[in-house]
Amino acid sequence: MSQGPRSGLAAVSSALLAMSRHLEVRDVLKTIVASARELLDAQYAALGVPDDHGGFAQFVVDGVSDAQWKAIGPLPRQHGILAAMLQEAKIERLADVRKDPRFEGWPSAHPDMSDFLGLPIRDGDEVIGALFLANKNCPKPEGSCGFTAEDEELLSILAQHAAIALTNARLYERSRELTIAEERSRLAHELHDAVSQKLFSLRLTAQAATALIDRDPSRAKGELHQVAALAAEAADELRAAVVELRPAALDEDGLVATLRTQIQVLDRAHTARVTFAGRGVKALPSSQEEAVLRVAQEALHNALRHSGAEHVDVTLDRRGGGAVLRVTDDGNGFDPKSIRRAGRHLGLVSMRDRASGVGGALTVESAPGKGTTIEMEVPGG
């Protein structure tokens, strides 16, 4: 992963920029570890984020192959020098970690380590991680540590920025969790309102049919047809909600397969013809894939419920390292300006927010009687 030592302000700046570029916690941890190992020219680097049970919620290494890491076995516990860094919140610089009285050994597959530099990552008074390096790539006289006081100072600076990057990533993930929770709550309310109304109408219509069955069979027949129509609408509401509540399929099947499956369901559930084509799209970062899926769902909902379209076409094409989603219908269309003036948005605000939230852009083309095209472009990872 690392290509060799780098020094000077440019190298430090590059490392800090790399840390700030990522929003997912795991990506931030990997970048911190790789940057530290490269800057200080060490053979090994690792970062552990403690849990509340004496272990580590996450533990990221650099300089160890996948095969080695697999052979090492389970994540380490908080013991020995790792525990000291977390509990005492102080820097450890050792000529030979194996000779320290706190050293408790390691698994047989663990690489051999000698000189050691480690320190806690702190957010205020809270220790949120332990970062350490081992085996400095330099000549080491007997009994001396390859890591210097300058290395210690540099790693301390890196750790301060690592704390900011890690805290920001945690806040981002938490905000995403809250957004998902809020969205599920919104969906639950919408589902309750929509289906409750349909079921209430269904019950009244069925009661009317029952009252008419003897004295006016033809009217009763009409009411029963209405019962069937209301039941179908309620089923459509449920199908749409179930589709929107299942973004977990993204992790298992990917964006293209998830879109294709959901559009097949919508095609069967509605009278309009709904088609999908995905061409050359590579995997995108998870946040971008979820945003694309949500925008596609919102655009499809509008087209199928409000536009009166006979055909709705969805395409997902590769553009550079990113992708372009396009949802086109041949429905009634609308004047986007008049929609805004009337305070009605048809979900356009939320779609634009989703697009901009992942560095993308959304455009809407529509006119009365001319159908609608919604296009969303997202960059690559």
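Author: Start with arginine 326. At 24% relative accessibility, arginine 326 counts as partly exposed, because that class lies between buried (under 20% relative accessible area) and exposed (over 50%), with a 1.4 Å probe and protein chains only. This is a predicted model, where local features need pLDDT of at least 70, side-chain atom pairs count only at pLDDT 80 or more, and totals for chains, interfaces and linings use all residues. Residues are numbered from 1 along each chain as its sequence is written, and side-chain values use heavy atoms, with hydrogens and water left out.

Reader: What makes aspartate 317 buried?

Author: Its relative accessibility is 17%, so aspartate 317 counts as buried.

Reader: Why is the contact of arginine 326 and aspartate 317 called a salt bridge?

Author: The N to O distance is 4.0 Å. The rule asks for a side-chain nitrogen of Lys or Arg within 4 Å of a carboxyl oxygen of Asp or Glu, so the pair qualifies. Both residues also belong to a salt-bridge network with Arg279 and Glu375.

Reader: How many salt bridges does this rule give?

Author: The count is 14.

Reader: Which residue does aspartate 62 bridge to?

Author: Arginine 37, with the closest N and O atoms 2.8 Å apart. Aspartate 62 sits in strand β2 and arginine 37 in helix α2, 25 residues apart. Helices (H or I, at least four residues) and strands (E, at least two) are DSSP runs, numbered from the N terminus.

Reader: Are aspartate 62 and arginine 37 buried or exposed?

Author: Aspartate 62 is buried, at 4%. Arginine 37 is buried too, at 13%.

Reader: What makes α2 largely enclosed by the rest of the structure?

Author: Of its 16 residues, 13 are buried, so the rest of the structure largely encloses α2.

Reader: How do you know that the span of α2 is close to the expected one?

Author: From first C-alpha to last, α2 reaches 23 Å; 22 Å is expected. The expected span is 1.5 Å times one less than the number of residues.

Reader: Why are β4 and β5 said to pair?

Author: Pairing needs at least two bridges found by DSSP. Strands β4 (residues 116-123) and β5 (residues 126-136) have eight, in the antiparallel sense, so they pair.

Reader: Which residues touch the most other members of the largest nonpolar core?

Author: Leu325 and Met376, out of 35 residues. A nonpolar core is a set of buried Ala, Val, Leu, Ile, Met, Phe, Trp, Tyr and Cys residues joined through side-chain atoms within 4.5 Å. Helix α9 gives the most to this core, nine residues.
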